Number of protein chains: 2
Amino acid sequence: MVQRQHPIPVSRIIEPQSIALIGATEDYAKFGGRILHHLVDHGYAGRIFPINPKRAEVLGHPCFKSIADVPEAPDIAIVALPASSLEAAIRSCGEAGVGACIVVTAQLGEFSEEGAALERRIVEIAQAHSMRIVGPNCMGMIVPAAKMALSSTPTLRYAKALPQGRVAFVSQSGAMMGSLFLQAHDHGVGLSGMVSIGNQADLELCDFLEAFVAHEGTEVICLYIEGLKSPQRFRALCLRARRAGKRVLAVKAGRTDAGTAMAKSHTSSLAGSYSAFEALCREAGVLLLDDPDQMILCAGILDRNPRARGSEVGIVCASGGGGAILADHLALSGIAAVAYAPDTRAKLAQDYLPSHQNNPLDLGGHTGGLEFGIFERAIDAVHDDPGAGVFVYVMTPQPMMPETLAHVIHTWKRGEKPVVLVLNTSRFADDLRQAALQAGIPFVQRLQDLIVALQVLGADHAAETALRADEAHRPAHLPQVHVAAKGFLTEPEAKRILADYGLSVPAAQLCGTLDEALSAAGSIGYPVVLKGVVADVVHKSDLGLVRVGIGDDEALRAVFAEMAQAIDKAAPGAPLRIDVQQMIGPGVELIVGLSNDPAFGPQVIVGAGGIHVELMKDVAQMRAPVTAEEVGQMLRRLRIWPLLDGARGQGRMDVAAACEAIARLSWLGPDLGARLVDLEVNPFRVTAEGAYALDGRGTLATG
Amino acid sequence: MVQRQHPIPVSRIIEPQSIALIGATEDYAKFGGRILHHLVDHGYAGRIFPINPKRAEVLGHPCFKSIADVPEAPDIAIVALPASSLEAAIRSCGEAGVGACIVVTAQLGEFSEEGAALERRIVEIAQAHSMRIVGPNCMGMIVPAAKMALSSTPTLRYAKALPQGRVAFVSQSGAMMGSLFLQAHDHGVGLSGMVSIGNQADLELCDFLEAFVAHEGTEVICLYIEGLKSPQRFRALCLRARRAGKRVLAVKAGRTDAGTAMAKSHTSSLAGSYSAFEALCREAGVLLLDDPDQMILCAGILDRNPRARGSEVGIVCASGGGGAILADHLALSGIAAVAYAPDTRAKLAQDYLPSHQNNPLDLGGHTGGLEFGIFERAIDAVHDDPGAGVFVYVMTPQPMMPETLAHVIHTWKRGEKPVVLVLNTSRFADDLRQAALQAGIPFVQRLQDLIVALQVLGADHAAETALRADEAHRPAHLPQVHVAAKGFLTEPEAKRILADYGLSVPAAQLCGTLDEALSAAGSIGYPVVLKGVVADVVHKSDLGLVRVGIGDDEALRAVFAEMAQAIDKAAPGAPLRIDVQQMIGPGVELIVGLSNDPAFGPQVIVGAGGIHVELMKDVAQMRAPVTAEEVGQMLRRLRIWPLLDGARGQGRMDVAAACEAIARLSWLGPDLGARLVDLEVNPFRVTAEGAYALDGRGTLATG
């Protein structure tokens, strides 16, 4: 028995010096057989200890009857046994001083309570021996940096060599690891290491993310996430990555109920709110995608290109039709095709009429006869345009393909700006694909992959400015307020809380008679608004229970009488209660909301408000609390921003007041903590002078 | 000299019995050489007449010194000469009685006035000889039905055989024809014929569309369009295709200004309004896509599968993570994953716990050990689910791939419902891809292609009910109205026209004094609205020039005085003009617009109205005139439909009145004809009783 003194560092799990294979076999049809073959074939240089009581050796490696017989404590042991043998095997590994067990065995925590209990037991056993567990229900690791092909995926037999590079992948899906390994191999994406983490019974995603952030040979880290165990740690690690100049890309399942259900059954993960995760990614500089294939392709492009110098792109293609379609897609995706500088046009003019100096540039639209110099000059001119932050070449079947590709590769090697190569040639001209793989230039094949790659390059370029590294400081002039209310908040209760937090709420007085109303209007000041207060009516305006623009006593008398009738119609016999409110001038209506996300903490959302809020779906979200400046960033992301900023010759709304108010409101998040269920202000009206909470509702915990 | 009596039928151009090659050569590096090699290598069985004064024979075919020497009048001649030789060559062909010249020569009409003039001359020459012209600036034709590889694209050398089938493609881009030929060949899409139409100087897209609609060996027709020369003919042909049980798919460039500019420089096409083209496609059953690669893949899937039985899908995959991502994409794309019937669940229960009986179903989530029967049973169960209109199999690297694919192919061959196969395996397991190609089952490789294919299958299923074959009949009670106005219409003028067409317009009276206003309110009836009439003010409400809810004389006195001040502030010294209008109750606000599209004729749009109209972008469009029922279809497509239909317990709005009114308004389109520039009603308010045009503006031609 060997007792480990300290747990093995995660970096040593990823690049171990020795591996024990429990249940080793030469039979390729078996899990254990495939792992051994792959490990040996791809040249793992560390020590391999096959454990098999029935064999003397497998694939030239002497076998051991049990792990206890191994002459040293293996760094890791890979275990692919049935659940019934698992506990004993884990115990043996612990007693042998193994650093970490990579547990492939599935149908545990993601299947049943029984399976979950077994998971817990093996973790306890491991902990008792200072041993770590990866998985269970994982598919091993593929670590080119260590020439370690420790997985049964048959794509490891297909690959003659492991593609070396600086892209890492941590995955909650084992099958996806094999699939993305394949995509990386076939598209020129070089890998440092891929780890499949399964059910995260012990080691979790953040442990491997941390290791790859620290790993010198890794520059870009991809993640496939179903459920995050430690969101705050995740956030801190992603910020650390950015500070170290590394990029993190992620795809997360669970944008919808359907995806969430599947993730749960897959690795027993609870997905949490996707919009809160999106907000976290934006604030931590994580590039969020929705297609894993695209993620790995983009990672390769980021890794093997310099940083984008700007977000505008220069594109050359070889199909007029394809170029027109691409021009449409770029415009609709918000990707700007650079307007060529006069110098660029002068260069293009040698071979292209002004009417054909487009972006994308169709090489075939040249004047005169075909000769390669035309293509070369055009590629150079567009690439060298000073406004182009990124250069793109789209290859479809065309004349002079080998020369053209060679020149694109040469241009990429100049290393001045990112060069995105699209090889949309299927199996045709496969020697070109080989040339690209040989040269190490990553490529995509399809239009949609190009669009996403350009969006990612643009987002990467912009990410630095959107980082939220520091915690927001409580505004000095925002007092700590004791909020006594519980449960469902009425409008007056909600507005009281908002007013306590310094928001502007229209002056109001609840009245039961005309005289009270006249008196209230007198003290508030005309013009006023009358709102009928009737229980269970959420949308008052539709029933004539909101009347605005009452300018004097005469008008008030008339409107009061009509509203009394409307109230009687809406709720016969109900007591007469009419709220006389200060009338706020016209402005832009927002919805402002505060909620508590169980995984990601308090969230503030701002968006286009009023009655169409569910149909507009124009919202921005951030973790609370937020600063006024951050509210400004959120407002600028809204489609209605032009209305706030002064469209249609109306002048700007008082955006500063809105930002200040929403920032204050956001502190209810941390202040209320778990007491906050949700709070909503709709409409929050931003006028030319001042911003006002015209309505409010919310729910606090009842306990 | 041979004088043709009649022009050659287009069907005979597509499947000619004899071809003359002007400038024939064996040199593969030359256009003419590639065409000859491809034609011969792919086994064209008709008569080939190479024209070359310097050679006795090329590739075993005797040469002719000039086309005059050919012993018969060739059906077609393919001409790839420089522009300087073109006119003479066309004349020679005409004099030799050639049926049609396929003119590859580029840099003509799409380049310069000079080039356009040459184009016109060759068409005149051709017409004088009853000869047709295809192109110029075209890339020939690829017609597997005739074993005719009449194009220089090198993809024809790559393809060992022409993939036979029933998908046709007519393209305004020659390079795209070569590219889509490649995609078809590599993804199991069988082709009848592909034609590249270039600049459409003579024969145009509709001529070939018509021929393929009539062609017995064609079932699905794909189109790449830049500019439509004859939109009405196009529409009629698409409806004819639907009646013949054939499908038409299209991709059109020019959704944006950038795309339009490129299309113009490419084939000198004027794109026309994309939204009007979209409306035409919807009404004629054309399946509109935005990616040409996806178009040809979808065509293959439509062609080699039975019609979808419903729009819900049943999916089996082999990756839990991939399945979760797919579930998200389906939900977000509006594709319904069928809820398994109890019978299906009972079958799945043999191998899958209830928690793992998802859709998509992850094969790997089974209980017990791995054996192929599990996969077979699962595929059968999901495919056979009675609610599944379409079955999908997503293959990524997984266990037992050959057996699994064989079973999917077997399932597809049962021919009960469409089976969409996704082979997302890059170059791995290429024997499987070969097996699929061999079996003739079309496949896609990527998630986004699957989503689009499912959307197309759904749209195809729904298309029949949305067809507009018949012309709308003028409502009997809609009088022919003489509209005298010209130029820019004021609100009263616009409302007068609308009232003449039977729309409900609030009663109104323009007043200059308080007494006039009181008198007007008395006759109209309270409550009233006051609107300040000030020139050059479009958005009155923001300046206090719209006051609503004035309930009696007292209120009116007060508001009149305030508005007089507001008018003076907005336009000092302007005459006092206040419109006293009947106040319309609350409702849902729409925008209704009428315009004249130069290509597609009068268009009516309806959408979410009010001040946020540009931000909501919630609109539906149809060619005018429309029936009330068709207006109802448009309203149901809007995001705000739930508000019209009675959301939030408010009861339905008077949708019938809205449909009737908008249908009447739409007749202004054909009635005004070219006089109509545009007309807009915003807001058009649909209340619980009645629908009202609350504002109106427009422009008629000044001539």
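**View 1. Chain B and chain A meet through the same surface, since 99% of the interface residues of chain B are also interface residues in chain A.** This is a predicted model, in which local features need pLDDT of at least 70 and side-chain atom pairs count only at pLDDT 80 or more, while totals for chains, interfaces and linings use all residues. Residues are numbered from 1 along each chain as its sequence is written, chains are lettered from A and ligands numbered from 1 in the order in which they are written, and side-chain values use heavy atoms, with hydrogens and water left out. In this interface, 91 residues of chain B are in contact with 90 residues of chain A; contact means heavy atoms within 4.5 Å.

**View 2. About 7400 Å² is buried between chain B and chain A.** Of this area, 56% lies on carbon and sulfur atoms. Buried area is the accessible area (1.4 Å probe) that two parts lose on being put together, summed over both.

**View 3. Eight salt bridges link chain B and chain A.** One salt bridge joins the side chains of Asp449(B) and Arg446(A), at 2.7 Å from N to O. The term needs a side-chain nitrogen of Lys or Arg within 4 Å of a carboxyl oxygen of Asp or Glu.

**View 4. A rotation of 180° superposes chain B on chain A.** The shift along the axis is 0.1 Å, and the RMSD is 0.3 Å. The two copies are thus related as by a two-fold rotation axis. Ala555(B) has the C-alpha nearest the axis in chain B, 2.5 Å from it. The superposition is by least squares on the C-alpha atoms of residues with pLDDT of at least 70 in both copies.

**View 5. The largest nonpolar core has 112 residues.** Leu249(A), Leu454(A), Leu249(B) and Leu454(B) have the most contacts inside this core. Such a core is a set of buried Ala, Val, Leu, Ile, Met, Phe, Trp, Tyr and Cys residues joined through side-chain atoms within 4.5 Å. Buried means under 20% relative accessible area, exposed over 50%, partly exposed in between (1.4 Å probe, protein chains only). Beyond its neighbours within four places in sequence, Leu249(B) touches residues including Val220(B), Met295(B) and Leu302(B).

**View 6. The structure holds zero disulfides over all chains.** A disulfide is a pair of cysteine sulfur atoms within 2.5 Å. The closest cysteine sulfur to that of Cys317(A) is in Cys138(B), 19 Å away and too far for a bond. Cys317(A) is buried at 3% relative accessibility.
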